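This report looks at one side chain and its surroundings, then at the chain as a whole. Please have the sequence and the model at hand.

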Amino acid sequence: MTTPAQTESTEAKAPSTVVLTDVAAQKVKALIEQEGRDDLRLRVAVQPGGCSGLRYQLFFDERSLDGDIVTDFDGVEVVVDRMSAPYLTGATIDFADRIDAQGFTIDNPNAGSSCACGDSFS
């Protein structure tokens, strides 16, 4: 027998589509603060295009669309639309700030192949 509190905690632990690392969450927070707005969320989407067939899109968005999956990472909301969700399940978004690479990276176990630039996959 489950109590209402147990049911609520189970729902709160529903699997997320993507994982945002702590480093990436801090970078997103800093970028949102630079924008001077508190209504923005990081939207992650997959669109047709790129040299491998599908292209990642990461951008700030204040909209809420029907079917959006919203996950909170240390105060940063990450939003994935329902069409992109199957392509992004289990993907990890990180932020690299090294001499050889700077920017957000996506490690996606669903990608069969990707291009050299890392912006698209199939």
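## A polar contact at arginine 43

The side chains of arginine 43 and aspartate 61 are joined by a polar contact of 2.6 Å. The model is a predicted one.

## Where arginine 43 sits

Which strand holds arginine 43? The residue lies in strand S2, which covers residues 41–48.

Is arginine 43 buried or exposed? Its relative accessibility is 3%, so arginine 43 counts as buried; the cut-off for buried is under 20%.

## Neighbours

Leaving aside residues up to four places away in sequence, arginine 43 touches Gln57, Leu58, Phe59, Asp61, Arg63, Ser64, Leu65, Asp68, Val79 and Asp81.

## The chain as a whole

The protein chain has three helices and eight strands. Read from the N terminus, the elements run α-β-α-β-β-β-β-α-β-β-β.

Of the 122 residues in the protein chain, 32% are buried. Arginine 43, at 3% relative accessibility, counts as buried too. The accessible surface of the protein chain comes to about 7,700 Å². Carbon and sulfur atoms account for 50% of that surface.

Take the contacts in the protein chain between residues at least 6 apart in sequence: 53% of them join residues at least 24 apart.

Technical notes: Residues numbered from 1 in each chain as written. Predicted model: local features only at pLDDT ≥ 70, side-chain atom pairs only at ≥ 80, totals over all residues. Heavy atoms only, no water. Helix = DSSP H or I, 4+ residues; strand = E, 2+ residues; numbered from the N terminus. Buried < 20%, exposed > 50% of the residue type's maximum accessible area, 1.4 Å probe, protein only. Polar contact = N/O pair within 3.5 Å; in protein donor to acceptor, adjacent residues only side chain to side chain. Contact = heavy atoms within 4.5 Å. Areas by Shrake-Rupley, 256 points an atom, 1.4 Å probe, with all protein chains shown as cover.
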